[in-house]
Amino acid sequence: MQEETVLMLASDPEHIAISKSTGIKIDWRDGHHSDYSLAHLRDECPCATCTGSHGTEPQRSNYSTPGPFPMFKPALKMNSVEAVGSYAVRIYWNDGHSSGIYSFEHLRRICPCDECKGA
Ligand SMILES: [Zn+2]
Ligand SMILES: [Zn+2]
């Protein structure tokens with residue numbers, strides 16, 4: 001199994017570097033650079049279960065912000081990442097979760113850099 005996966009896509013990101021144990025880095029076509037940690041990506045999972053968009057309680061993983069009653073969590077890892085068309089990636093987590101389709105639009109919105117967080 002290969003640790004680094006590089007996806008070359010014809011849409012917004014010019015280059016995506018995926019490391020299953022550390023996270024995803026994206027170079028955008030407009031020159032912006034995003035560096036996502038695993039915990040950040042897991043917490044920002046856009047699927048209906050995690051966001052509660054089916055009218056259910058959001059099941060946020062909160063990997064990056066420990067709550068008052070921290071539960072044991074195994075080290076987060078991505079088992080695999082696959083391209084979904086040319087607009088998104090799907091992440092298979094080692095906690096069994098795999099319903100998150102991360103569109104590049106979503107990824108750009110959750111960019112954790114100071115510039116984007118301040119915007
Ligand atoms: Zn999810
Ligand atoms: Zn940014």
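A residue counts as buried when its relative accessible area is under 20%, as exposed when that area is over 50%, and as partly exposed in between. These categories are applied below to a predicted model.

The chain contains four helices and seven strands. Along the sequence, these elements are arranged in the pattern β-β-β-β-α-α-β-β-β-α-α. The chain has 119 residues, of which 36% are classed as buried. Its accessible surface amounts to about 7100 Å², and carbon and sulfur atoms contribute 53% of this area. Among the contacts in the chain with a separation of 6 or more, 33% are between residues 24 or more positions apart.

A zinc ion (ligand 2) is coordinated by four residues: His-32 through NE2, and Cys-111, Cys-113 and Cys-116, each through SG, at 2.1 to 2.3 Å. The angles among the four donor atoms are 102 to 118 degrees, and the site is tetrahedral. Along the chain, the donors of this zinc ion follow the spacing H-x78-C-x1-C-x2-C.

With a relative accessible area of 7%, Arg-42 is buried. The side chain of Arg-42 forms a polar contact with the side chain of Asp-95, at 2.9 Å.

Definitions and conventions: Residues are numbered from 1 along each chain as its sequence is written. Chains are lettered from A and ligands numbered from 1 in the order in which they are written. This is a predicted model: local features need pLDDT of at least 70, side-chain atom pairs count only at pLDDT 80 or more; totals for chains, interfaces and linings use all residues. Side-chain values use heavy atoms; hydrogens and water are left out. Helices (H or I, at least four residues) and strands (E, at least two) are DSSP runs, numbered from the N terminus. Buried means under 20% relative accessible area, exposed over 50%, partly exposed in between (1.4 Å probe, protein chains only). Contact means heavy atoms within 4.5 Å. Accessible areas come from the Shrake-Rupley method with a 1.4 Å probe; for residues, only the protein chains shown count as cover. A polar contact is a pair of N or O atoms within 3.5 Å; within protein, one must be able to donate a hydrogen and the other to accept it, and residues adjacent in sequence count only if both atoms are side-chain atoms. Donors are N, O and S atoms within 2.8 Å of the metal (3.2 Å for Na, K and Ca); water is not among the atoms, so sites may look incomplete. Four donors count as tetrahedral if all angles lie between 85 and 135 degrees; four count as square planar and six as octahedral if opposite donors are over 155 degrees apart and all others between 65 and 115; anything else is irregular.
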